[in-house]
Amino acid sequence: MARQNPFDEIEQFFKRMGREFEESGLASLRDVSVDVSETDDTVVVTADLPGYEKDDIDISASGRELTISAERSASDEESGDRYIRRERTRNSIKRSLTLPEEVVAEEASATYNNGVLTVTLPKESVDEDEESTDIDVI
């Protein structure tokens with residue numbers, strides 16, 4: 001008589017939970033890795049966003065707050081292909097961070113090259129309006 005693995009039931013449970021977690025989309029809600037640097041006049045935020053198109057990316061800034069979000073869908077979603085394994089599904093990310101100083105959001109610029117987003121934000125020299133401003137990605 002073959003002996004049954006006493007941990008088989010637990011392993012199956014964790015595999016099932018992992019699949020459900022991936023299918024729910026929660027696994028794709030990851031933070032964006034960023035670097036924040038500054039000069040005398042600007043704050044520069046660099047973020048890794050591999051696999052996104054620049055049109056998938058939204059950036060907004062207000063005062064000392066910067067928010068980067070992006071959303072994409074897997075390619076060939078409507079091709080009718082039958083997948084054996086599908087990990088590159090819809091993916092959404094969002095990251096908000098507090099900047100070291102107030103910035104002039106209206107004068108900010110952003111570039112996206114090879115999966116790396118660079119947002120350059122001029123530092124504010126006087127008190128200005130606190131409204132949030134969207135930043136176009138070039």
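Guide: Side chains of opposite charge can pair when their charged atoms come close. In this predicted model, Glu 38 forms a salt bridge with Lys 123, and their closest N and O atoms are 2.6 Å apart. The two residues come from distant parts of the chain, 85 residues apart: Glu 38 belongs to strand β1 (residues 34-38), while Lys 123 sits in the loop between β7 (116-122) and β8 (133-134).

Visitor: Which other residue meets Lys 123 in a salt bridge?

Guide: That residue is Glu 101, with an N to O distance of 3.2 Å. Glu 101 lies in the loop between β5 (91-98) and β6 (109-113) and Lys 123 in the loop between β7 and β8, so this pair ties together parts that are 22 residues apart in sequence.

Visitor: How many salt bridges does a search of the whole structure find, and which residues are linked in a network?

Guide: The search finds two. Glu 38, Glu 101 and Lys 123 are linked in a network of salt bridges.

Visitor: Is Lys 123 buried or exposed?

Guide: One reads this from the relative accessible area, where buried means under 20%. Lys 123 has 15% and is therefore buried. Glu 38, at 44%, is partly exposed, and Glu 101, at 33%, is also counted as partly exposed.

Visitor: Let us turn to the strands. In what order do the four strands of the open sheet stand?

Guide: A sheet is read strand by strand. Here the order is β5-β4-β3-β8, with antiparallel pairing. Strands β5 and β8 are at the edges, each pairing on one side only.

Visitor: How many bridges join β4 to β5?

Guide: Eight bridges join β5 to strand β4, which spans residues 65-72, and the two run antiparallel. Arg 72 stands opposite Asn 91 in β5.

Visitor: Which residues touch the most other members of the largest nonpolar core?

Guide: To read a core, one asks which members touch one another. This core has 25 residues, and Ile 59, Leu 66, Leu 117 and Leu 121 touch the most other members. The elements that contribute two or more residues to the core are β2 (42-48), β3 (57-62), β4, β5, β6 and β7.

Visitor: What does Leu 66 touch, not counting residues up to four places away in sequence?

Guide: Its contacts include Val 45, Ile 59, Ala 61, Leu 97, Val 119, Leu 121 and Ile 135. Among the others that Leu 66 touches are Ser 60, Arg 95 and Ser 96.

Conventions: Residues are numbered from 1 along each chain as its sequence is written. This is a predicted model: local features need pLDDT of at least 70, side-chain atom pairs count only at pLDDT 80 or more; totals for chains, interfaces and linings use all residues. Side-chain values use heavy atoms; hydrogens and water are left out. A salt bridge is a side-chain nitrogen of Lys or Arg within 4 Å of a carboxyl oxygen of Asp or Glu. Buried means under 20% relative accessible area, exposed over 50%, partly exposed in between (1.4 Å probe, protein chains only). Two strands pair if DSSP finds at least two bridges between them. A nonpolar core is a set of buried Ala, Val, Leu, Ile, Met, Phe, Trp, Tyr and Cys residues joined through side-chain atoms within 4.5 Å. Contact means heavy atoms within 4.5 Å.
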